[in-house]
Amino acid sequence: MLPEDWQIVWFTTWVSALSVVLIIPPGLAVAWLLARFRWPGKSLVETLVALPLVMPPVATGLILLKLLGRRGPLGGWLHQTFGVDIVFSAAAVVAALAVMSFPLLVRSARTAFEEVPHRLEDIARTLGHGPWNVFWTISLPLARRGLAAGVVLAFARALGEFGATIMVAGFIMGKTTTLSLAIYQSVQTGDDSHALRLLAVCVVMAFVALWASEKLSRRRECG
Amino acid sequence: MSLVLENIVLPLAEFTLEVDLKLTAAVTGLTGPSGAGKTTLLEIIAGLRRPQQGSIRLDGEKLTDAGARHFLAPEKRRVGYVPQDLALFPHLDVRANLCYGLRHDEGGLLEKVIEVLELPTLVKRSIAGLSGGEKQRVALGRALLAGPRILLLDEPLSNLDDRLKGKILPYLHRIRREFAVPMIYVSHSKAELGGLCDEVLVMREGRIQGS
């Protein structure tokens with residue numbers, strides 16, 4: 001492994017971690033609302049959340065590009081208000097990874113919340129705790145293993161993201177290059193040995209992440 | 001204590017629950033066949049279910065007024081509820097379960113509950129390691145420590161064998177004697193009801209049909 005390879009591994013790891021950290025609060029909130037309440041527009045939100053799972057990643061990337069580009073509604077506003085450009089930057093990589101990992105986190109978290117007996121939350125309320133407090137003291141701790149598995153799964157998904165990232169962040173060496181992009185680039189330029197080295201790293205990282213997720217899920221099943 | 005349920009109406013799958021009731025006894029027993037609506041009635045009083053019509057007042061305070069869309073949240077009612085399945089929190093140890101609803105322990109209530117229910121040896125144990133009778137006592141203690149104005153006990157001994165029932169019943173008498181918390185006690189057992197309750201109401205298909 002060359003120093004620049006380690007730099008790619010490090011960059012991929014931290015953008016993946018950051019993207020997951022950013023989606024945890026909204027992801028848990030959406031999962032909680034989907035798991036516990038009936039509300040108008042719930043089916044629509046369920047479908048919207050799941051879209052990145054079934055749409056081609058490059059299509060999701062194109063949506064992000066149009067949204068975050070300097071002429072896009074969000075990107076234009078960010079540029080005019082703060083002078084910030086998102087696309088073709090590390091921030092664009094984080095945005096792409098976050099959007100692509102979001103459905104996996106929500107799905108796992110929703111299941112984890114649904115497995116918490118409603119009864120315990122009800123009784124906690126009769127003991128004088130409001131819904132917010134019950135969430136923090138009962139629902140969240142009881143769902144923690146499922147939530148942790150979801151976080152690890154989302155992180156694993158982010159590690160391997162390619163299609164949306166290349167659309168919205170491009171391939172800029174040292175700036176937006178993730179493991180997936182670097183492997184693709186190496187194959188394109190005929191540097192197969194480089195591609196295989198990075199592939200080995202990818203396999204190890206994905207294996208560890210999935211193993212951890214699986215381990216957490218199994219411990220949850222066993223109580 | 002005065003608990004007044006006026007014209008409570010809630011349609012259920014098999015029948016409509018309709019209750020008009022004024023309770024003043026220290027311990028009121030509630031019995032009747034399974035599926036008669038006893039648990040639903042307790043849940044309505046605890047604020048966990050909303051009736052379609054009617055009102056509930058506890059010591060003059062309006063807990064529910066369906067006509068005015070007033071449903072006081074369960075956490076503000078100070079109505080203790082021990083369900084049949086006990087609903088102990090599995091991720092908390094016995095002490096944390098007991099203290100969950102305890103706000104200010106100025107009068108040494110925690111110590112008193114631990115003493116009366118004979119819990120000193122259990123406080124550091126996990127919920128999973130408790131026997132049925134021990135769980136029962138922890139659930140009773142947890143509800144008492146939240147400082148309820150009334151305690152709703154839904155068939156608290158139904159999951160215990162006769163030997164354990166005989167062990168837990170004295171604790172209920174102690175609770176009645178030491179804490180003076182009014183109770184509604186749901187049970188199928190005439191022996192339990194006769195020994196503990198000042199009056200016993202019979203519920204069938206959502207209606208109180210006598211005492």
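This note sets out numbered points on a predicted model with chains A and B.

1. Basis of the model. Residues are numbered from 1 along each chain as its sequence is written, while chains are lettered from A and ligands numbered from 1 in the order in which they are written. As the model is predicted, local features need pLDDT of at least 70 and side-chain atom pairs count only at pLDDT 80 or more, whereas totals for chains, interfaces and linings use all residues.

2. Confidence in chain A. The pLDDT (the predictor's confidence in each residue, from 0 to 100) averages 91 in chain A, and 97% of the residues score at least 70.

3. Architecture of chain A. Chain A contains eleven helices and zero strands; here helices (H or I, at least four residues) and strands (E, at least two) are DSSP runs, numbered from the N terminus. Read along the sequence, the pattern of chain A is α-α-α-α-α-α-α-α-α-α-α. Its C-alpha atoms fill a box of roughly 65 × 45 × 30 Å, taken along the principal axes.

4. A residue is buried if 20 or more other C-beta atoms lie within 10 Å of its own, exposed if 12 or fewer, and partly exposed in between, with C-beta atoms placed from the backbone. Of the 223 residues of chain A, 40% count as buried. Two residues are in contact if their C-beta atoms, placed from the backbone, lie within 7 Å. Among contacts in chain A between residues at least 6 apart in sequence, 75% join residues at least 24 apart.

5. Leaving aside neighbours within four places in sequence, Tyr185(B) is in contact with several residues, including Val27(B), Leu30(B), Leu153(B) and Leu196(B).

6. The six-stranded sheet of chain B. Two strands pair if DSSP finds at least two bridges between them. An open sheet of six strands in chain B has the order β7-β8-β9-β3-β10-β11, with mixed pairing. Its edge strands are β7 (79–82) and β11 (207–210) of chain B, each of which pairs on one side only. Strand β10 (residues 199–204) of chain B pairs with β11(B) in the antiparallel sense over three bridges; the bridge partner of Val202(B) in β11(B) is Gly210(B).

7. Strand β8 of chain B. Is strand β8 (residues 150–154) of chain B largely enclosed or left open? Five of its five residues are buried, so β8(B) is largely enclosed by the rest of the structure. In a regular strand the side chains alternate between the two faces of the sheet. On one side of β8(B), Ile150(B), Leu152(B) and Asp154(B) are buried, and on the other Leu151(B) and Leu153(B) are buried, which leaves both faces covered. β8(B) pairs with β7(B) in the parallel sense over four bridges, and Tyr81(B) stands opposite Leu152(B). β8(B) also pairs with strand β9 (residues 183–186) of chain B in the parallel sense over four bridges; in β9(B), Met183(B) is the bridge partner of Leu151(B).

8. The five-stranded sheet of chain B. Five strands form an open antiparallel sheet in the order β2-β1-β4-β5-β6. At the edges stand β2 (16–23) and β6 (70–71) of chain B, each with a single partner strand, so one side of each is left without a neighbour in the sheet. Strand β5 (residues 61–65) of chain B pairs with β6(B) over two bridges in the antiparallel sense, with Thr64(B) opposite Phe71(B). Ala68(B) lies in the loop between β5 and β6 of chain B and is exposed, with 9 other C-beta atoms within 10 Å.

9. The meeting of the chains. Contacts join 17 residues of chain B with 14 residues of chain A. β7(B) gives the most to the side of chain B that touches chain A, with three residues.
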